[in-house]
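User: I am new to this structure. Please show me how to read its features, one at a time.

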Amino acid sequence: MISSNDLKPGQTINVDGDIYTVLDISQNKTARSAMVVKAKVRNLRTGSNVELSWGGGEKVEPANIEKREMQYLYDTEDSLVFMDNETFEQVEIPSDRLEWEKKFLKANDNVSISSYEGEILGVILPDKAVLKVVECEAAVKGDTATSASKNAVLETGLEVKVPLFINQDEMIVVNTNDGKYSGRAK
């Protein structure tokens, strides 16, 4: 068990059978009342963000999340299929649980799959993904007093704003946390 005072962002905890990852912690101690520990957390099963609170020193159960390296194979309308790189076992994850993640996945990409006691929770993406621009607006000269940008569609269907100098068929780096352009691929 972990003391609520010792919680840190990034830790995973089990509260009433739900698995959460800690996003942010705040501790409030006033002269007349006991310490209150509040945590913003994300439910790893549903993806929803909630706030939990405990009294100072209360015990919280840690959750040991297992991570396995797997290769993304293909998308069947209902699910995404991954293969374990060591055992060659194939796993299907429902598409509706990976709406955000599939915007960054290409066939044969290696990703980490997180699971808790055999239950698959989701895909852990790398911080950045390299994707190809398949469709891009033409650059318009003028109005460049600020950083001008244009719309581009990437090979996975993701739409991003890119600088004017990016052209079709170029490889770019996209941040997987917010889906924004990060730079040209080297």
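**Reading a sheet and its cores**

Analyst: Start with a hairpin: β7 and β8 form one, with two residues between them. Strands here are DSSP runs of E, at least two residues long, and helices are runs of H or I of at least four, both numbered from the N terminus. This is a predicted model, where local features need pLDDT of at least 70, side-chain atom pairs count only at pLDDT 80 or more, and totals for chains, interfaces and linings use all residues. Residues are numbered from 1 along each chain as its sequence is written, and side-chain values use heavy atoms, with hydrogens and water left out.

User: How many bridges join β7 to β8?

Analyst: Strands of a sheet pair through backbone hydrogen bonds, either parallel or antiparallel. Two strands count as paired if DSSP finds at least two bridges between them. Here β7 (residues 66–76) and β8 (residues 79–84) run antiparallel and are joined by six bridges. Y72 stands opposite F82 in β8. Q71 has M83 as its bridge partner in β8.

User: What stands opposite Q71 in β10?

Analyst: N110 does. β7 also pairs with β10 (residues 110–116), antiparallel, over six bridges.

User: In what order do the five strands of the open sheet lie?

Analyst: The order is β9-β8-β7-β10-β11, with antiparallel pairing. β9 (90–94) and β11 (119–124) are the edge strands, each pairing on one side only.

User: Which residues does the UniProt domain annotation cover?

Analyst: The unreviewed UniProt entry marks residues 67–121 as "domain: Translation elongation factor P/YeiP central". UniProt positions follow the numbering used here, feature names are shortened, and annotations may be inferred rather than shown by experiment. That span is 0% helix and 56% strand, and its end C-alpha atoms lie 10 Å apart.

User: Which residues have the most contacts inside the largest nonpolar core?

Analyst: A nonpolar core is a set of buried Ala, Val, Leu, Ile, Met, Phe, Trp, Tyr and Cys residues joined through side-chain atoms within 4.5 Å. Buried means under 20% relative accessible area, exposed over 50%, partly exposed in between (1.4 Å probe, protein chains only). The largest core has 25 residues, and F82, V123, L154, V160, I172 and V174 have the most contacts inside it. β12 (128–136) is among the elements giving it two or more residues. The largest share, four residues, comes from β12. Apart from this core lies another, of 13 residues, including V22 and V41.

User: What does V123 touch, beyond its neighbours within four places in sequence?

Analyst: Contact means heavy atoms within 4.5 Å. V123 is in contact with F82, I93, L98, E101, V111, S112 and I113.
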